[in-house]
Amino acid sequence: MTKCIHIVIIDYPNALQSAVQGFRELFLLANKVIQDNQLEIQFTVELIQPDRDLDGMSRHDIVILPPNFDGNYYLTPQPGLLQYLNDAHQKGAILCSACAGAYILAKTGLLDNRVATTHWQLADEFNELFPKVSLEIESLLVNDGDIISAGGLMSWIDLGLELVALFAKPHIMRTLGKFLIVDTGKREQRYYGSFTPKFNHGNKQILQAQHYIQANYSETLNVPVLATLACMSERTFLRQFTNVTNLKPIQYIQKVRVQKACELLETTPQSFEKIAQNIGYDDVNSFRKVFIKIIGLSPSAFKARFV
């Protein structure tokens, strides 16, 4: 007897339509691969709009919140949708989000004290709005059992493949990935991120230090130098800098330098050794360790992937 896996895709206002329809087509293609492998499993997909389709909904195995394309519905979803998600979760459905869909999921309260991810550019805002959620922004996908979240706009593909692997078989997912010609190997969101410091926090003294770091990242930088520039004691500077940037000064400086290194690896023929020297590191091996820790790839692997 064929086991049916019922999937609901929430087509909320301004949801990314390539993802809404892409999810549906991905699961339909998965059914063809499953059929070719003679497995007794089938995905059924239903698209629903929260303003008119929530009443009388029956039980579903998976509920998906796709990425947002425009507008701010994901910031202020209607209460009926939040109630529907809570009810579906209580009845055993796995709740899933991609990119800004995580905001809607977090609004339910179900992510409190749980681990999740969203698009790396949304990290600061998400952390401010949902401080009880443990955000793993470097992760492209976080599978926390009954709740699964994915990062960037196109991470809906990774989420779809993850669900195929969970409910069918991993080899079905890999076969589907080959057909779609997409990467099914391990990836992380930090491979694709770039460091975009927060400058609009209103602390003029810390902002002055940030501007100095941006302009002088290749020079010797430390807390005493920056505290003096900001006319603060070292202790006060460390506290205020960490509060407004969410990073300790050394972590901030490392991220600025690694971002510069990434840009140079992508746009110039310079060796990593030369780049390390140009951005303030005499010890190339030490900087290579910092680069791998922040990016998740070695400099050579980063260049091979993106250049």
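A pocket is an open set of points on a 1 Å grid over the protein atoms alone, where a 1.4 Å probe fits, with protein on both sides within 12 Å along at least five of seven lines; lining residues have an atom within 4 Å of a point. This is a predicted model: local features need pLDDT of at least 70, side-chain atom pairs count only at pLDDT 80 or more, and totals for linings use all residues. Residues are numbered from 1 along each chain, and side-chain values use heavy atoms, without hydrogens and water.

Q: Which residues lie nearest the centre of the second largest pocket?
A: This pocket has a volume of about 330 Å³, the space filled by probe spheres set on the points. Its lining counts 17 residues. Nearest the centre lie Leu 141, Asp 158, Glu 162, Gly 185 and Arg 187.

Q: Which element gives the most to the lining of the second largest pocket?
A: Helices (H or I, at least four residues) and strands (E, at least two) are DSSP runs, numbered from the N terminus. β7 (141-143) and α5 (156-167) each supply at least two lining residues. The most, 4 residues, comes from α5.

Q: Which element supplies the largest share of the lining of the largest pocket?
A: The largest pocket holds about 1000 Å³ of space. Two or more lining residues come from each of α4 (123-129), α9 (234-245), α10 (249-267) and α12 (284-295). The largest share, 7 residues, belongs to α10.

Q: How far apart are the end C-alpha atoms of α10?
A: The expected span of a helix is 1.5 Å times one less than its number of residues. α10 has 19 residues, so it should span 27 Å. The model agrees, with the end C-alpha atoms apart by 27 Å.

Q: Which elements do the buried residues of α10 pack against?
A: Buried means under 20% relative accessible area, exposed over 50%, partly exposed in between (1.4 Å probe, protein chains only). The buried residues of α10 include Tyr 252, Ile 253 and Leu 265. By contact (heavy atoms within 4.5 Å), they pack against α7 (204-215), α8 (223-229), α9, α11 (272-278), α12 and α13 (299-306).

Q: Which residue forms a salt bridge with Arg 288?
A: A salt bridge puts a side-chain nitrogen of Lys or Arg within 4 Å of a carboxyl oxygen of Asp or Glu. Arg 288 is partly exposed, at 25% relative accessible area. Its closest N to O distance in the bridge is 3.3 Å. The partner is Glu 273.
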